[in-house]
Amino acid sequence: KFVVDAGAVLHLASKDAAPPSAHTLLAPTLLRSQTLSLLHEAVQRGELTAGLARERLRYIGGMKIRLLGDAVLRRRAWDIAEQLGWASTYDAEYVALTQLQADALITLDPELARSVEGIVATAPIDELLSSS
């Protein structure tokens, strides 16, 4: 089981890559809003056309990702944000979900990966695309 953050999901969508069915993908419910916002921001900066951004949103909507956001996850995210001195709890939700239900967090954000060393395991996106 892997928790995937918004950057990892957008990377997969940009490559039309689908992880093997042997992998279970999880994410906090905020993934929907984050991917929507990140794609809209990319359109506003002129990095993507609106059509391509909408196509990627459709692709992401079709991905098999179990979205979770219960009270236990929110409490754990709060505690993690406190522990790490983060003002925002967004990244902490991914970390909390990894602690609660997954084997590793997949993020393309090197700063996030460094900051959670010793708290959760992280994995490269290539591991997500392998069948083993």
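Which backbone nitrogen does the side chain of D109 reach? In this predicted model, the side chain of D109 reaches the backbone nitrogen of L112, at 3.1 Å. D109 itself is found in the loop that lies between strand β4 (104-106) and helix α6 (110-115). The relative accessibility of D109 is 32%, and this residue therefore counts as partly exposed, since that class lies between the limits of 20% for buried and 50% for exposed residues. Although D109 and V9 are 100 residues apart along the chain, their C-alpha atoms are separated by 12 Å.

The overall architecture comprises seven helices and five strands. Read from the N terminus, these elements follow the order β-α-β-α-α-β-α-α-β-α-β-α. The chain has a radius of gyration of 14 Å, close to the 14 Å that the globule rule gives for 132 residues, so the chain is as compact as a globular protein of that length. Along the principal axes, the C-alpha atoms fill a box of roughly 40 × 35 × 25 Å. Of the 132 residues, 39% count as buried.

The five strands form an open sheet with parallel pairing, in the order β3-β2-β1-β4-β5. Strands β3 (65-68) and β5 (122-123) stand at the edges; each has a single partner strand, so one side of each is left without a neighbour in the sheet. Within this sheet, strand β1 (residues 2-4) runs parallel to strand β2 (residues 25-28), and two bridges join them. Residue F2 stands opposite L25 of β2.

Helix α1 spans residues 6-15. At the start of α1, a side-chain oxygen of D5 reaches to within 3.3 Å of the backbone nitrogen of G7.

The largest pocket has a volume of about 210 Å³. Its lining consists of A17, A18, P19, P20, S21, H23, T24, L25, Y59, M63 and K64. By residue class, this lining divides into seven nonpolar, three polar and one charged. One of the lining residues is L25, the residue of β2 that stands opposite F2.

Technical notes
Residues are numbered from 1 along each chain as its sequence is written. This is a predicted model: local features need pLDDT of at least 70, side-chain atom pairs count only at pLDDT 80 or more; totals for chains, interfaces and linings use all residues. Side-chain values use heavy atoms; hydrogens and water are left out. On a 1 Å grid over the protein atoms alone, a cavity is a set of points where a 1.4 Å probe fits but cannot get out, and a pocket is an open set with protein on both sides within 12 Å along at least five of seven lines; lining residues have an atom within 4 Å of a point. Grid points are joined across faces, edges and corners, and a volume is the space filled by probe spheres set on the points. Ala, Val, Leu, Ile, Met, Phe, Trp, Tyr, Cys and Pro count as nonpolar, Asp, Glu, Lys and Arg as charged, and the others, Gly among them, as polar. Two strands pair if DSSP finds at least two bridges between them. Helices (H or I, at least four residues) and strands (E, at least two) are DSSP runs, numbered from the N terminus. Buried means under 20% relative accessible area, exposed over 50%, partly exposed in between (1.4 Å probe, protein chains only). A polar contact is a pair of N or O atoms within 3.5 Å; within protein, one must be able to donate a hydrogen and the other to accept it, and residues adjacent in sequence count only if both atoms are side-chain atoms. The radius of gyration is taken over C-alpha atoms; the globule rule is 2.2 Å times the number of residues to the power 0.38.
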